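The sequence and structure come first.

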Amino acid sequence: MNKLIIKNIQDTETFKSIQKNWDQLLADSPTKSVFLTWEWLYSWWKVNGNNKELWLITAWRGDEIVGIAPLMRETRKKFGLSLHAIVNLGTPQNDVGGFLFNPKDVDVPHSLFNYLDQNKDKWDIVELNEFASNGPEHNLLENLSLNNRLLWREEKNSHYFITLENNWEKFSERLARKFRYNLRRALRLAEEIGKVEIEHFSGNTATWEAFQTVIEINRHANYPRLYNSPSEQMLIKELIEQTTSGQSWLDIYILSVNNKPVAYEYGFVYEKRFEDWRSGFDTRFPTNVSIGKVLAMQVVQKCIQENYNEIDFLRGDESYKQEWMPSERSFSNIRLFNNGRIFAVFAYWWLQKIKPALKKGRLNINEKKDKIRDENNANP
């Protein structure tokens with residue numbers, strides 16, 4: 001077996017040239033998600049890569065890429081300090097993180113992590129977000145921190161998902177009776193206003209023209225400025241352009257009532273799994289109608305019709321997800337501090353954890369002083 005060679009790819013042209021190798025490697029990787037595809041990460045980098053340094057740590061055997069750690073380096077300001085952080089490529093917009101490698105090739109992830117350890121002079125903190133808590137990367141990184149006495153911090157969170165049946169009636173049997181009633185009631189109230197229709201755009205039909213309807217609905221949604229950002233629009237345009245050059249993962253749903261678009265939901269389809277990224281609705285719609293429930297029900301029904309196996313709600317613990325009686329997967333946000341850069345620990349740990357406690361202590365002292373002063377004023 002050829003010796004492993006580690007290369008840090010830092011230019012966009014080489015990034016572009018390894019798409020085919022990337023796709024083959026992702027197919028064998030322990031974590032699979034659209035957020036780890038070449039299309040997503042390359043599009044994100046083209047739009048958001050300014051003032052950042054590409055760090056695609058790749059493992060090679062001869063001419064074959066056998067491992068990729070899709071990372072980038074950025075400079076962060078924390079309490080007046082400038083810190084160099086190695087983070088997932090796509091941060092903060094990617095909902096799933098991970099490295100690409102065949103789990104049977106145990107030397108590869110070790111070599112990728114060793115490269116980080118051997119280049120500690122180039123970073124103050126490694127921050128890996130939304131990595132599977134039971135994934136091999138998690139265990140290796142934890143061992144790396146223990147063996148090298150690096151300070152390790154971890155926050156766990158759940159990603160909720162629902163598996164789909166072959167028809168809506170069978171799927172809905174698992175839902176609580178009250179929730180099923182609320183879904184039917186919301187649909188009935190919406191139908192009293194006008195005809196309820198949902199359009200599904202995917203593959204070649206997921207065009208920029210279709211997405212402009214999303215933007216128009218969002219002008220009157222809860223976060224109207226979301227798509228005012230040129231970078232947000234450019235990212236979607238880049239993803240849509242992948243339709244003509246290769247695989248398109250974008251999946252858009254538009255809900256109309258009485259021929260007027262009133263709500264949207266979109267995300268990505270990967271291996272027959274809908275990764276539900278964003279949604280919104282026109283807040284001018286009558287408040288007695290739970291249009292969000294109508295939209296969600298219609299999307300689930302469409303996904304069943306398309307023979308999708310699963311809807312992944314991705315990160316976030318919003319209460320509406322629980323209504324669908326989901327299963328959950330555990331993910332971790334991990335921070336690894338360079339033990340030679342004490343100011344990084346100071347900025348992330350002391351100032352964020354200890355300083356608020358000291359502030360709270362000072363407030364308690366001041367409250368006691370105010371109470372004593374009030375008592376003295378009441379009893380001259």
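The model is predicted.

| Partner of β3 | Residues of partner | Sense | Bridges |
|---|---|---|---|
| β2 | 53–61 | antiparallel | 9 bridges |
| β4 | 81–88 | antiparallel | 8 bridges |
| β5 | 100–101 | antiparallel | 2 bridges |

Ile68 of β3 has a residue opposite it in two of these pairings: Thr58 stands opposite Ile68, and Leu100 in β5 also stands opposite Ile68. Further along, Thr75 has His84 in β4 as its bridge partner.

Two hairpins involve β3. The hairpin of β2 and β3 has 2 residues between the strands, and Gly62 in its turn shows a positive phi of about 65 degrees. The hairpin of β3 and β4 also has 2 residues between its strands. There, Phe79 takes a positive phi near 50 degrees.

**The cavity**

How many cavities of 30 Å³ or more does the structure hold? The structure holds 1. The largest cavity has a volume of about 50 Å³. It is lined by 13 residues, of which Leu36, Pro70, Asn88, Gly97 and Gly98 are the closest to its centre. By class, this lining comprises 9 nonpolar and 4 polar residues, with no charged residues.

Methods: Residues numbered from 1 in each chain as written. Predicted model: local features only at pLDDT ≥ 70, side-chain atom pairs only at ≥ 80, totals over all residues. Heavy atoms only, no water. Pairing = 2+ DSSP bridges. Helix = DSSP H or I, 4+ residues; strand = E, 2+ residues; numbered from the N terminus. 1 Å grid on protein atoms, 1.4 Å probe; cavity = no way out; pocket = protein on both sides within 12 Å on 5 of 7 lines; lining within 4 Å. Points joined across faces, edges and corners; volume = space filled by probe spheres on them. Nonpolar A, V, L, I, M, F, W, Y, C, P; charged D, E, K, R; others polar.
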